[in-house]
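Visitor: I would like a close look at one part of this model, the charged pairs between side chains. Could you walk me through what is there?

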There are 2 protein chains.
Amino acid sequence: MSIPFFFEPSLPNLPAHFTLSADTAKHCIQVLRMKEGEMMMLTDGVGNRFDATLLSANKTQAVVLLSNKTEVAPITPISGIAISFVKNPARMEWFLEKATEIGIRHFYPLISTRTEKHHFKAARWESIIVSAMLQSQQSWKPILHQPIQFNELIKMKSEGLKMIAHCEKAEKAPLQNLALTNNQLILIGPEGDFSPVEIDAAIHQGFTPVSLGSNRLRTETAGLVAAVLLQNR
Amino acid sequence: MSIPFFFEPSLPNLPAHFTLSADTAKHCIQVLRMKEGEMMMLTDGVGNRFDATLLSANKTQAVVLLSNKTEVAPITPISGIAISFVKNPARMEWFLEKATEIGIRHFYPLISTRTEKHHFKAARWESIIVSAMLQSQQSWKPILHQPIQFNELIKMKSEGLKMIAHCEKAEKAPLQNLALTNNQLILIGPEGDFSPVEIDAAIHQGFTPVSLGSNRLRTETAGLVAAVLLQNR
């Protein structure tokens, strides 16, 4: 069995005793029934990973001793996906889980002209992202940004390659054929696609139109295909 | 709004009247409330697509007139994924939906040494595959094969490139770096991975070991990553 791995956003420098957050403590003590002296790993989600030994545990509090610290380099390229909200929230949650496992680092929930609903479940989505990060043994937590209007997003300052995936008939490069860059951002539209006006505006702001294959894909599938191709060129 | 698109496995030659199956008729009449004279598209799932006009409809029967027939070339490459059953059936269903949208043509539910459960829900999975095929506007239905033991599968006669994705430390090529072939098959293991004995046996049968990136992926996520890379090299 692998060593339990938890997220604690505020970890101190070594050597240190550290009181686990209520959620982590509950998971260690009540779910995994860990005992004093047992080992775990903790990450702060910004590249630091610690070994930790459970020193004391009761119903209200669990304290660990932090030992070895490992600095984990971020996965490159650093990729962001700005994806329209979809009607069925379960589909967005699947997307966030899978794209986190695959290594996407920035999520921008996008409101475009044809986006129908935009219900932002910040806490729930954050918790899905953390679980997927731990499941896939990563020490960099993806950043879930605040929902953003299409017109604001395309004007956002960003380095590297910027792409827009759309379904209109037009000249588009297959995403996997573009040259690799360290930073990259792609826009994924709603079920009814981006509007022609939006596509033009994005191109005007330096976004490259790309295709994600010949099939018509659901929004969250398009997001996943983009995630795989961004991380595996 | 796009024209409704349905699957009917046994479509006659033109010109012809055709009585819709009970499921399709129910969807047309009771869900979409289609009226006589309205148009739909039908596919037989093996590359033929027909325009059809609703001629008569009542509670028990709906008849259409088939007109234009289009022969749709199959998507190439033709890819198969043999994937271990997973414990949570929702995850397998999600994989089948997404991999169908992406264009995978053969699914082999796999029973390997470390596969924990293998509950084959043939009718439900078939229906998920059909929905995803129609959703993504495809006219070739992926084939859901019977569950198969690992040792039988690796001895199965098959053309083209054969690959095994595993997590053991060993020499592995990134899947996206392999030369493109028209036919390809990949094996995806259970949560605990394939056993070393299984990996050796597959290599002995001509399977190339491949990696799907540096992160640890859940079985169904590995299947999805493989699907995207197989169809987008």
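Guide: Happy to. Let's start with Lys98(A), which is buried at a relative accessible area of 0% (buried means under 20% relative accessible area, exposed over 50% and partly exposed in between, with a 1.4 Å probe and protein chains only). Please keep in mind that this is a predicted model, where local features need pLDDT of at least 70, side-chain atom pairs count only at pLDDT 80 or more, and totals for chains, interfaces and linings use all residues. Side-chain values use heavy atoms, without hydrogens and water, residues are numbered from 1 along each chain as its sequence is written, and chains are lettered from A and ligands numbered from 1 in the order in which they are written.

Lys98(A) forms a salt bridge with Glu97(A), their closest N and O atoms lying 2.9 Å apart; the term stands for a side-chain nitrogen of Lys or Arg within 4 Å of a carboxyl oxygen of Asp or Glu. Glu97(A) also counts as buried, at 15% relative accessibility.

Glu97(A) has a salt bridge with Arg91(B) as well, at 2.8 Å between the closest N and O atoms. Arg91(B) belongs to helix α2 of chain B and Glu97(A) to helix α2 of chain A, so this pair joins two chains (helices are DSSP runs of H or I with at least four residues, strands are E runs with at least two, both numbered from the N terminus). Arg91(B) is buried too, with a relative accessible area of 14%.

Elsewhere, salt bridges with shared partners link Arg91(A), Arg218(A), Glu220(A), Glu97(B), Lys98(B) and Glu101(B) into one network. Within it, Glu97(B) pairs with Arg91(A) at 2.7 Å between the closest N and O atoms.
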